[in-house]
Amino acid sequence: MARKILFFFGPPASGKGTQAEKLAQQLGLPAISTGDLLRRNNQLAGEYKSAMNEGQLVADEVINDLLIERLSQADAEKGFILDGYPRTKTQFEYFYNNIIKSEDKACAIEISVSEPEIYNRLAGRRFCPQCGAGYHLLYKPSQQPGICDKCQTALEQRPDDTEDIIKERLGLYQRTMGPLVALWWQMGELIIIKGEKEIDQVNDDILEALEEDGFLKLKPEII
Ligand code: AP5
């Protein structure tokens, strides 16, 4: 069966997770964030805690194994939306050599935002440690302050959302993603979206770009 595969990438706080979740509901595909998979796996979250908290990447083999395990679940059979993967050339090559099939339809979406906006967003970000849902104090508040709408767990701030670590994550992003962007561009699978608009407007722009690309038209059964 041909699968529909979307890659979301962009600097920290560009809104990858937020948009991947929205698209997942609209397209009926699972949104898979490698960051969330790590944070919610007690063993790996412990083992790689310092790398993650310091804004460093976790080893490629660990990430690839985690992804393979997640993709073996039934909900990923028709396709999936990846948030934050691939992040290195090794991950990119692993994916294209071992996971993607010739009949699959793939598209990579970069969400671009400016540096001041990144800091602004991360200062107000909160997340649910239980179900992974994401919020923002101003732009996407929970109904009850500090409590997850979905599972009523107390919301937390991510330990890597401090100014120093944000700077580290941003620098790493700029150094590592350039070659991958060039590859997607050469393959004709790249869409760039301006992320400094309201969340719903960004979502509309993504849907419009996917429509133009033929990604949605080719897959009428999922919309
Ligand atoms: P990960 O969890 O992927 O972190 P990240 O890439 O830094 O991305 P963020 O989650 O910070 O941002 P986002 O773009 O998803 O923004 P969000 O939608 O939340 O990775 C964390 C760590 O795990 C890495 O540092 C690494 O250690 C490890 N890791 C993960 N994947 C790996 C891999 N493949 N290889 C190796 N290591 C890996 O939005 C941010 C905030 O802004 C939210 O509060 C949201 O509500 C708000 N917001 C979103 N959109 C808008 C908007 N349009 N307007 C206003 N506010 C908005």
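Guide: Helices (H or I, at least four residues) and strands (E, at least two) are DSSP runs, numbered from the N terminus. The model is predicted: local features need pLDDT of at least 70, side-chain atom pairs count only at pLDDT 80 or more, and totals for chains, interfaces and linings use all residues. Residues are numbered from 1 along each chain as its sequence is written, and side-chain values use heavy atoms, without hydrogens and water.

Visitor: Which element gives the largest share of the shell around the ligand?

Guide: H2 does, with four residues.

Visitor: And how many residues surround the ligand in total?

Guide: There are 33, the closest being Thr18, Gln56, Arg87, Arg125 and Arg169; a residue is near if one of its heavy atoms lies within 4 Å of the ligand.

Visitor: What lies 2.8 Å from a nitrogen atom of the ligand?

Guide: A polar side-chain atom of threonine 34 does. For valine 58, a backbone N or O atom lies 3.0 Å from a nitrogen atom of the ligand.

Visitor: Changing topic, which residues have the most contacts inside the largest nonpolar core?

Guide: They are Phe7, Phe80, Phe95 and Trp184, in a core of 31 residues. Such a core is a set of buried (under 20% relative accessible area, 1.4 Å probe, protein chains only) Ala, Val, Leu, Ile, Met, Phe, Trp, Tyr and Cys residues joined through side-chain atoms within 4.5 Å.

Visitor: What is tryptophan 184 in contact with, leaving aside neighbours within four places in sequence?

Guide: Its contacts (heavy atoms within 4.5 Å) include Phe7, Pro86, Met177 and Leu190.

How values were computed:
Polar contact = N/O pair within 3.5 Å; in protein donor to acceptor, adjacent residues only side chain to side chain. Buried < 20%, exposed > 50% of the residue type's maximum accessible area, 1.4 Å probe, protein only.
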